[in-house]
There are 2 protein chains.
Amino acid sequence: MFVNQLLIILVAAFLGKLLSVKMKQPSILGELLFGMLIGNLGIVTLTKTLTDISDIGILLLLFSTGLAVNFKELKELGSASIIVASFGVILPFSMGYYTSMYFGYSMLISLFIGVSLVATSIGISSRVLSELQMIGMRLGTLIIGSAIVDDVIGIVAVGTVLGVSLKGNLDISKLILTIILTLLFLTVSFTLAIKLFQKLSETFVFDNRIVGNILTPILIVGLFFGIIAEKIGLSMITGTFVAGLIIGQTRIAKEAFEKVSFIGEYLFIPIFFVTMGMQFDISAFTSSGIFTVILIAVAIFSKIVGCGFGAKLCKFSNQESLTVGIAMIPRAGVELVLVKIGLEYGIISSEIASIIICMVVVTTFATPPLFSALLKKVKLNGT
Amino acid sequence: MFVNQLLIILVAAFLGKLLSVKMKQPSILGELLFGMLIGNLGIVTLTKTLTDISDIGILLLLFSTGLAVNFKELKELGSASIIVASFGVILPFSMGYYTSMYFGYSMLISLFIGVSLVATSIGISSRVLSELQMIGMRLGTLIIGSAIVDDVIGIVAVGTVLGVSLKGNLDISKLILTIILTLLFLTVSFTLAIKLFQKLSETFVFDNRIVGNILTPILIVGLFFGIIAEKIGLSMITGTFVAGLIIGQTRIAKEAFEKVSFIGEYLFIPIFFVTMGMQFDISAFTSSGIFTVILIAVAIFSKIVGCGFGAKLCKFSNQESLTVGIAMIPRAGVELVLVKIGLEYGIISSEIASIIICMVVVTTFATPPLFSALLKKVKLNGT
């Protein structure tokens with residue numbers, strides 16, 4: 001049963017890849033498209049095993065992104081990333097909130113819609129950057145850095161709004177604890193952990209002659225950091241990204257990147273994006289109206305302007321700032337979870353759920369072509 | 001939750017590998033051992049996702065085995081394989097049956113115990129052969145060929161006995177249909193399919209420049225043949241093995257082997273053997289008595305003598321024949337399923353189940369050290 005499903009998903013991924021190559025688009029576009037097709041035609045239904053395996057895909061994507069990022073540059077661009085991410089959170093949230101209020105929705109629902117515009121789906125742009133081999137470049141670093149900060153802010157924001165919606169009050173002490181633990185996690189990771197793994201990478205633990213291949217220990221490190229991050233209250237992908245950064249500072253960085261991105265790129269990551277496509281419910285579009293169109297416009301506009309303005313503040317060129325803004329458009333990860341919880345607890349109606357799903361689908365599909373076209377231009381200009 | 005389990009299993013696999021290297025044993029031994037440890041200590045319990053993922057492991061192992069086998073030699077050794085497998089089925093079955101009858105068990109239970117001695121667990125010896133890079137050699141080819149024939153006979157035998165036990169009668173027409181379909185499947189695979197894939201391997205479908213990497217289409221082919229085989233009534237691994245043989249006759253054979261064995265060897269296959277170890281219930285040993293000891297002796301003796309005699313008939317040397325016999329000792333795959341069904345339908349008592357599990361554990365653990373020691377000797381003698 002599972003093998004049948006896996007076969008269909010791999011075929012969908014493969015056809016998606018071929019279509020993308022044919023149309024000179026990033027692979028992710030075809031994978032999402034074929035995923036949406038098999039999902040909406042009911043050819044494959046998502047099972048626990050499939051979501052579990054596709055989770056590995058996104059973890060590997062962020063792991064290899066961490067391995068490929070230029071860490072020194074990332075540190076240099078640290079404050080720029082925070083600025084870009086912050087504007088890219090504030091503008092979408094407030095525009096989403098006020099637009100909803102203007103359309104007559106309650107304050108709670110407006111808050112919910114506002115938050116649904118916050119979190120960028122880091123996978124989309126990481127994948128495009130990785131396919132164009134631009135993760136290690138300055139602009140790629142800024143985008144990845146901003147997307148990671150956005151992920152952290154997004155999770156906190158979603159947690160806050162859900163806390164308020166579900167319990168009616170905000171657990172400030174828990175929020176502060178999460179922030180303290182996050183800072184502690186990052187500090188330990190980038191000081192002690194880097195030193196530790198630089199030492200460890202010289203030992204038998206990462207010696208191919210002894211362990212056969214470093215893939216297994218490397219994966220152990222990645223998953224371990226993912227779990228730690230989740231325990232703290234962050235998302236798991238932030239943890240594996242940090243693990244990638246750490247291993248990236250060791251003797252085995254290059255080999256680790258090759259191995260991790262190999263099993264990711266040709267197996268788990270395509271599965272992730274196909275199953276993401278499967279979760280897009282096309283029927284959501286049938287009930288869409290003027291508010292849907294406006295919200296989508298707000299979603300796109302607010303990220304481009306918010307993040308673009310942030311990048312501009314940090315002295316990036318107009319074209320680069322626009323590219324950063326485009327890169328941050330897609331929403332998908334947190335939003336789909338948000339919709340699910342919102343429906344379950346009766347915070348939002350199925351109408352609002354449909355509207356958010358439309359926004360997710362459009363932003364997800366619009367980004368790869370736009371982003372890759374812009375990236376190619378930026379690359380030509382030699383940034 | 002799943003990621004936590006996966007992490008623990010990878011750690012178990014890694015520690016198993018290190019222990020095996022330290023003790024100069026094949027990796028599989030340490031993986032089984034640590035699997036048994038985490039399973040029996042209740043650190044990880046088997047979930048659907050874990051068994052699904054480990055199924056991919058055994059499929060990849062047989063796929064890469066098919067890719068590595070020397071097909072021409074396999075065809076030459078075809079009748080030898082059938083002879084070895086046949087003696088290796090008849091002797092264990094009849095010895096198991098008569099021993100059980102002698103100990104006063106009913107005819108039905110004796111039949112059941114007899115059948116439980118039939119099917120060799122192909123994974124164990126494939127893995128050891130692959131680790132010592134002896135799949136492509138003459139003796140390796142004979143062992144793989146015999147193990148595959150054994151797998152086919154084993155499935156038919158188990159199906160027959162279960163049919164008789166559960167329904168009280170034997171569905172001859174279904175049996176004949178399975179045999180006809182099997183022959184048809186093999187004939188089409190080794191004529192049309194080989195020609196087809198030789199052509200296809202020259203096209204864009206397997207062109208790295210277009211598809212990024214041939215891993216995805218290769219996996220599609222492997223899974224497809226696995227599913228076909230299962231539809232016919234064979235085991236899925238037989239299908240992926242055949243797919244490996246077919247792809248092995250094309251331009252991309254070497255690359256396919258590298259890719260498939262990479263994702264297998266360092267990710268899925270260790271997971272498979274760790275979860276196999278997890279399924280061994282140590283408490284089965286507490287109730288073991290004289291019959292258990294005798295049955296284990298019968299299980300080991302009958303395969304060595306049966307298969308060894310078969311190999312000797314086919315003009316292999318004494319040492320080679322002994323090695324073939326040892327290679328065929330391990331039981332694990334079908335037997336564990338058999339025990340489960342037998343218990344579910346009340347055909348066997350939990351006492352009999354324990355006895356069979358003891359036999360499975362002992363034969364599985366005893367084989368890798370014995371087999372690899374003998375293989376190294378044979379390799380030195382230059383067969």
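Student: Hi! How many residues of chain A are in contact with chain B?
Tutor: Hello! In this predicted model, 33 residues of chain A are in contact with 33 residues of chain B.

Student: Which helices of chain A supply at least two residues each to that side?
Tutor: They are α1 (2–22), α3 (48–68), α10 (208–211), α11 (215–232) and α13 (253–278) of chain A. The largest share comes from α1(A), with 11 residues.

Student: And how do the residues on that side of chain A divide into nonpolar, polar and charged?
Tutor: There are 23 nonpolar residues, 6 polar ones and 4 charged ones on the side of chain A that touches chain B.

Student: Do the copies meet through the same surface or through different ones?
Tutor: Through the same surface, because 100% of the interface residues of chain A are also interface residues in chain B.

Student: OK, what rotation superposes chain A on chain B?
Tutor: A rotation of 180 degrees does it, with 0.0 Å of shift along its axis and an RMSD of 0.0 Å. That is the relation of a two-fold axis.

Student: Which C-alpha in chain A is nearest the axis?
Tutor: That of A:Thr49, which lies 2.3 Å from the axis.

Student: New topic! At what angle do α14 and α17 of chain A pack?
Tutor: Helix α14 (residues 290–313) and helix α17 (residues 350–380) of chain A pack at about 45 degrees, and their axes are 9 Å apart. That angle makes α14(A) oblique to α17(A). The crossing of α14(A) past α17(A) is right-handed.

Student: Which residues make the contact?
Tutor: From α14(A) come A:Phe291, A:Thr292, A:Leu295, A:Ile296, A:Ala299 and A:Ile300, while α17(A) brings A:Ile355, A:Cys358, A:Met359, A:Val362 and A:Thr363. By class, this contact of α14(A) with α17(A) has 9 nonpolar residues, 2 polar and no charged.

Student: What about α9 and α11 in chain A, what's their angle?
Tutor: Helix α9 (residues 172–200) of chain A packs with α11(A) at about 155 degrees, again with a stated axis separation of 9 Å. The two helices, α9(A) and α11(A), are therefore roughly antiparallel to each other. A:Thr178, A:Leu181, A:Thr182 and A:Phe185 of α9(A) make the contact with A:Ile228, A:Ala229 and A:Ile232 of α11(A). Those residues comprise 5 nonpolar, 2 polar and no charged.

Student: Last one: how far does α14 of chain B reach?
Tutor: Helix α14 (residues 290–313) of chain B has 24 residues and reaches 34 Å from its first C-alpha to its last, close to the 34 Å expected at 1.5 Å a residue. Just after α14(B), B:Lys315 takes a positive phi of about 70 degrees.

Notes: Residues numbered from 1 in each chain as written. Chains lettered and ligands numbered in written order. Predicted model: local features only at pLDDT ≥ 70, side-chain atom pairs only at ≥ 80, totals over all residues. Contact = placed C-beta atoms within 7 Å. Helix = DSSP H or I, 4+ residues; strand = E, 2+ residues; numbered from the N terminus. Nonpolar A, V, L, I, M, F, W, Y, C, P; charged D, E, K, R; others polar. Least-squares fit on C-alpha atoms with pLDDT ≥ 70 in both. Expected span 1.5 Å × (residues − 1). Axes fitted to C-alpha atoms, helices over the stretch in contact; angles between N-to-C directions. Parallel < 35°, antiparallel > 145°, perpendicular 65-115°, else oblique. Left-handed = near helix turned anticlockwise from the far one by under 90°.
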